[in-house]
Amino acid sequence: FQMIIHLIILILPYLVCSAPIRSTQQPNRERKLPEAIIIGVKKAGTRALLEFLRLNPHIKAPGPEVHFFDRNFEKGLEWYRSQMPESEEGDLTIEKSPAYFISKTAPSRIKDINPKMKLIVVLRDPVTRAISDYTQASSKRRRLGQMPSFERMAVGNCAPWSKANCSVKTQGVNSHWGAVRIGVYHKYLQRWLKEFPLAQFHFVDGQKLIDDPAEEVKKVEEFLGLKSVVTPSDFEVDSVKKFPCIKNPDGTHHCLGKTKGRPHPKVDEPVLKRLKRFYEPENDRLFSLIRQHFQWE
Ligand code: A3P
């Protein structure tokens, strides 16, 4: 025990002094607050977008989701800054926390901190997004017992333990079930548009991010005011996953983790049709709100 105390006394001055020394040795490196945030939408391809953007050496982003404006706000701005990686002049710091999109507090909190914040939203066909959401939820729930089928959750009686009120249906669809509700994008977006002008948003087509990742990433680099450096040669479609992965200089490639690009259950055609019909007017409202159209059929 005495030896341990001795050791601590010996190394303590070094630990205390090393921090300022390191920062004076590298005066150009600092942790900056983000200038742009990927605010959503969950299961639309937000992780893929962030990983692909990081191919640009001027984009600095933390790996994990920070959840500052929804869950960790009381930790304060300096905590938020401490979550960011170090950056140099000319770099741009971004973070992604897709739960911000549906958060009631995030829009005004972000505006209070930076009214010029650039906001990136990945949007995907809400039917596919709902199936992806369901796939994730049922894989997490597996420990607790099998989840009812997607069909039952989307148009039937949900599950006894489900928080969703499935006695209220809209056009035969459980519009209160989270997986369906989040896909009514325009409702959440209205909240954001009360705080920020449309020009501060960039909308990424989640389907195009799969079909032509370089093109979608290029548009984001431009929106961020950066020189575009990401090209089609940075990607390769994995023969097993069937999703684009990042090509390394040594010829190998790096795919997203096993929770991204999971196989989806096959959903009955009539249920798919009912969901499509349900979303049609909602998508139209979205497209006129953002003055942009996505071909999701
Ligand atoms: P699935 O796993 O259900 O297919 P998010 O990162 O926002 O949670 O989105 C996850 C979804 O991103 C995945 O859902 C997948 O469809 C999509 N995706 C887009 N590009 C991808 C890529 N290159 N690799 C893996 N998944 C990708």
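What volume does the largest cavity have? In this predicted model, the largest cavity has a volume of about 400 Å³.

**View 1. The largest cavity and its lining.** Among the 24 residues that line the largest cavity, those closest to its centre are G45, R124, F243, K260 and G261. Helix 2 (46-53), helix 5, helix 9 (206-211) and strand 9 (244-247) are the elements that give two or more residues to this lining, and helix 2 provides the largest share, four residues. Sorted by class, the lining of the largest cavity holds ten nonpolar, eight polar and six charged residues.

**View 2. The second largest cavity, beside helix 11.** About 80 Å³ of space lies in the second largest cavity, whose lining is made up of D125, P126, V127, K276, Y279, E280, N283, W296 and E297. Helix 5 and helix 11 (269-290) are the elements that give two or more residues here, with helix 11 giving the most, four residues. By class, the lining of the second largest cavity has four nonpolar, one polar and four charged residues.

**View 3. The largest pocket.** The largest pocket contains about 490 Å³ of space, and of the 17 residues that line it, K42, D133, A137, M147 and W177 are the closest to its centre. At least two lining residues come from each of helix 5 (126-141) and helix 7 (178-181), while the largest share, six residues, is supplied by helix 5. The lining of the largest pocket comprises nine nonpolar, three polar and five charged residues.

**View 4. The second largest pocket.** The space in the second largest pocket amounts to about 340 Å³, and of its 16 lining residues the closest to its centre are K42, E65, P98, A99 and Q136. By class, the lining of the second largest pocket has six nonpolar, three polar and seven charged residues.

**View 5. The nonpolar cores.** In soluble globular proteins, nonpolar side chains tend to be buried together. The largest nonpolar core of this model has 55 residues, of which L49, L123 and W192 touch the most other members. When neighbours within four places in sequence are left aside, L49 is in contact with I38, I120, V122, V204, L209, V217 and V220. Another core, of 24 residues, lies apart from the largest one, and its members include A130, V180, V184 and L275.

Technical notes
Residues are numbered from 1 along each chain as its sequence is written. This is a predicted model: local features need pLDDT of at least 70, side-chain atom pairs count only at pLDDT 80 or more; totals for chains, interfaces and linings use all residues. Side-chain values use heavy atoms; hydrogens and water are left out. On a 1 Å grid over the protein atoms alone, a cavity is a set of points where a 1.4 Å probe fits but cannot get out, and a pocket is an open set with protein on both sides within 12 Å along at least five of seven lines; lining residues have an atom within 4 Å of a point. Grid points are joined across faces, edges and corners, and a volume is the space filled by probe spheres set on the points. Ala, Val, Leu, Ile, Met, Phe, Trp, Tyr, Cys and Pro count as nonpolar, Asp, Glu, Lys and Arg as charged, and the others, Gly among them, as polar. A nonpolar core is a set of buried Ala, Val, Leu, Ile, Met, Phe, Trp, Tyr and Cys residues joined through side-chain atoms within 4.5 Å. Buried means under 20% relative accessible area, exposed over 50%, partly exposed in between (1.4 Å probe, protein chains only). Contact means heavy atoms within 4.5 Å.
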